Each structure stands twice: as C-alpha cells, then as structure tokens.
Amino acid sequence: DCSFGTGDDADADALLSLCALIRSSCPHLTKLVVKDGGLGPADKKDEDEKPNFNGLYRLLNALVVGNCHLRHLDFGCLDLGEDGASVLAAYIDQHLTDTLVELHLETNFIEDDGLQTLLPV
C-alpha cells in the first residue's frame, strides 16, 4: 500500500522510491494499492494547460519494466479523470488483460466516457 505525502516534493520523492521498488521486486507483485497521490492532473498542467500525467506514466512504466502481472490494482483518489482513465486503459489493454481481476478507481472523477475506455468490449 502507498499513500503519498503532502506537497509536490513529498509526492515526487515517494513516487520515485515506489517506482524503484517496483522495478526491483515486481515479478512477485500481484496487488498494488496507490491512493491519495499526485498521479492525476488536478493541479498539474504543462505549459499548454494540458493535463500532466508524468507521475502516472512513471508508475506504469515501472510496472512494465519490472514485468508485473498484477491481479489487483487500486488507484483510488488519484484525480485521474477521463484522460487518466484512457492512459490506464491503454496500459491494462497492453499488459494486464490476462491477469487483472480486480480494479478500484474510486474518487477519480471518471465519468461515462472514461469508464467506457476501461471496460472490455
């Protein structure tokens, strides 16, 4: 389980540490809970005012590099929104379709369009 600290520096440090840990021990990781972190775009915009998902991309990349085969994923309260749901859906489609059995995304501001991207066809 992981909850990030408060403030951008605490979030960034915690995220980097989590990613390093995942890359080193991921083949045995089947459940990941990351809550209340700075992975979504709530206050993070790039210079063009577009949502910034760098934290989410870093975490998902660590899971890929670590060759994770998650069965349970809980990304609650990360403010992912519709765009973040699309990013996560692409990752799940490419890397977890055969293993993921449980996905929790409460309090992420995901509405109908984002939900549709996450549901299998």
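**View 1. The largest nonpolar core of the predicted model****.** In this predicted model, the largest nonpolar core comprises 30 residues, and those with the most contacts inside it are Ile22, Leu59, Leu63, Phe75 and Leu88. Two or more residues are given to this core by each of the elements α1 (8-25), β2 (31-35), α2 and α3, with α3 giving the most, namely six residues. In soluble globular proteins, nonpolar side chains tend to be buried together.

**View 2. Surroundings of phenylalanine 75****.** Phenylalanine 75, one of the core residues with the most contacts inside the core, touches Leu32, Val34, Leu56, Leu59, Leu60, Leu80, Leu88, His104, Leu105 and Asn108, when residues up to four places away in sequence are not counted.

**View 3. The contact of helices α2 and α3****.** The axes of helix α2 (residues 54-65) and helix α3 (residues 81-95) come within 11 Å and cross at roughly 5 degrees; because angles under 35 degrees count as roughly parallel, α2 and α3 are therefore described as roughly parallel to each other. From α2, the contact is made by Leu56, Tyr57, Leu60, Leu63 and Val64, and from α3 by Gly84, Val87, Leu88, Tyr91 and His95.

**View 4. Threonine 99 in the loop between α3 and β4 (102-104)****.** Threonine 99 counts as buried because its relative accessibility is 19%, which lies under the 20% cut-off. Its side chain reaches the backbone oxygen of leucine 70 at 2.8 Å, and, with residues up to four places away in sequence left out, threonine 99 touches His69, Leu70 and Arg71.

How values were computed
Residues numbered from 1 in each chain as written. Predicted model: local features only at pLDDT ≥ 70, side-chain atom pairs only at ≥ 80, totals over all residues. Heavy atoms only, no water. Axes fitted to C-alpha atoms, helices over the stretch in contact; angles between N-to-C directions. Helix = DSSP H or I, 4+ residues; strand = E, 2+ residues; numbered from the N terminus. Parallel < 35°, antiparallel > 145°, perpendicular 65-115°, else oblique. Contact = heavy atoms within 4.5 Å. Core = buried A, V, L, I, M, F, W, Y, C linked by side-chain atoms within 4.5 Å. Buried < 20%, exposed > 50% of the residue type's maximum accessible area, 1.4 Å probe, protein only. Polar contact = N/O pair within 3.5 Å; in protein donor to acceptor, adjacent residues only side chain to side chain.
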